[in-house]
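Walk through this model with the ligand site in view.

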Amino acid sequence: MKTKEYISQNKEKFLNELFELLKIESVSADPKFKNEVDKASDFIVAKLKLLGLDNVEKIKTKGHPIVYGEKILNPNYKTILVYGHYDVQPADPYELWDTPPFHPQIKNNKIYARGSSDDKGQMYMHLKAYESLKETVRIDFNIKFLIEGEEECGSDNLENFVLNNKEKLKTDIIVISDTSIINNDTPSITVGLRGLTYLEVELTGPNRDLHSGTYGGAVDNPINVLCKMIASLKDDKGIIQIPNFYDDVKSFSKKEREAISKAPFNLLEFKNKIEINDVFGEEDFSTIERIGIRPTLDVNGIWGGYINEGAKTVLPSKAFAKISMRLVPNQKSKKITKLFINHMKKICPTTSKVQIKEHHGGEPVNVSTDTVAYKAAAAAFRKVWGKEPLPTFDGGSIPIVSLFKSELNVDSILMGFGLDEDAIHSPNESFGLYNFYKGIETISVFYRNLSGNVK
Ligand code: BES
Ligand code: MN
Ligand code: MN
């Protein structure tokens, strides 16, 4: 039987298995879901064993487990390492979901569930691509699966694991399906990911909440202060005002920028889909450039004072904000974090105290298109989608990719099959059935393109 035929005959089986995984509430950020995250890791372990892989392990960490499994058929064969994550973002706000986030359902040819696209659906395609090859051809490459449960909270424990297991993870190629394509008529391969630093700011005024009449007007209000501080971080044109913030930002050549602008992009459609009247960003850059090759500073959440029903006259003691910055080559997450902390301390007025907690970070990456692996991926898209994939710079982050490069010295092929409209991290996340099955086929062709001896 042809591999393609096997995939088409097993569509329902593949989908049922994915549904089982999507029912597990593996939210890594919230300790309340720890058992569920663990259950998802057990699910992956079981499926890797069913694939006939060797040395399948659930590796305990200080956080959530890492799952590993391999099939080394011949040391002379090329080795492909698949990375993916089985953890998901919190499903909040639950009330905005049309169907419950952990009860997967098909509507309009899409799988609706938290994690359907990011990344359970996409990660699982690799297991099914391997199965489809195993059942239909003689496999002549080695494979290693490295599936983690902490991507959505920064991959800290995976970093240590990679540092301590370089020999075990030795590979010729790394492939990751955790990004998106431009649209189903325009396949693409991601060549850029932004880095990240994520911080939490706590501003303290008086030692307790005060009556806003007896004290108001004479005591500075930490929420007002925090808002003012945050507002000063960007000017009217969106330029970040932290000194030295742009020092290491790579400037792209005219030729590189022309290549970026080749991607089809319709501004009106972009605005309409998210119902905004206007976009906003640095004047000298297009919308795709603002997302792909420029850094950002955004408030992700802000709170303090009284926010329940009705009114309470209070001058709050504290104000909080979660702030993230997306980084581009050659900015360094640690350096930007320091610049931010120092700047916030400097601009904090004497009426208040500022404390900043670091969450997670990750470095930006650019991937070369001039590698055997990239060419194999492009050829797989040509064969299965009938089109040459465009290289694209995505705005999101996958923290481990830069470490794979620096520690294992291997570029990752970012071969994702999601769409922007999948609404990852949002209510009603979905993943197209077309993308799921087409992805399995493309991955199987990609693996085969890389088959054979290295030496
Ligand atoms: N899969 C995403 C990253 C992504 C999405 C890349 C779309 C390109 C296109 C990943 O799971 C993710 O959400 N990463 C986080 C970083 C993490 C440290 C929280 C992100 O980008 O916010
Ligand atoms: Mn992801
Ligand atoms: Mn994500």
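A backbone N or O atom of S397 lies 2.8 Å from a nitrogen atom of ligand 1. That is a polar contact, meaning a pair of N or O atoms within 3.5 Å; within protein, one must be able to donate a hydrogen and the other to accept it, and residues adjacent in sequence count only if both atoms are side-chain atoms. The model is predicted: local features need pLDDT of at least 70, side-chain atom pairs count only at pLDDT 80 or more, and totals for chains, interfaces and linings use all residues. Residues are numbered from 1 along each chain as its sequence is written, chains are lettered from A and ligands numbered from 1 in the order in which they are written, and side-chain values use heavy atoms, with hydrogens and water left out.

A polar side-chain atom of H425 is 2.8 Å from an oxygen atom of the ligand. For H85, a polar side-chain atom is 3.2 Å from a ligand oxygen atom. Taken alone, ligand 1 exposes 520 Å², and the protein buries 90% of that (areas by the Shrake-Rupley method with a 1.4 Å probe).

Now widen the view to the shell. Ligand 1 is surrounded by 17 residues (each with a heavy atom within 4 Å of it). The closest are E151, D178, R326, S397 and H425. By class, the shell holds four nonpolar, seven polar and six charged residues. Here Ala, Val, Leu, Ile, Met, Phe, Trp, Tyr, Cys and Pro count as nonpolar, Asp, Glu, Lys and Arg as charged, and the others, Gly among them, as polar. Domain 1 (3-193 + 364-450) and domain 2 (195-249 + 295-360) each supply at least three shell residues; the bounds come from an automatic or database domain assignment.

Next, the sheets. One is open, with four strands in the order 11-13-9-14 and antiparallel pairing. Strands are DSSP runs (E, at least two residues), numbered from the N terminus; two of them pair if DSSP finds at least two bridges between them. Strand 11 (298-304) and strand 14 (353-362) are the edges; each has a single partner strand, so one side of each is left without a neighbour in the sheet. Inside the order, strand 9 (residues 195-204) and strand 13 (residues 318-327) run antiparallel, joined by ten bridges. Y198 has S324 of strand 13 as its bridge partner.

Another open sheet has three strands, ordered 4-5-18, again with antiparallel pairing. Strand 4 pairs with strand 5 (residues 110-112) over three bridges. Q105 stands opposite Y112 in strand 5.
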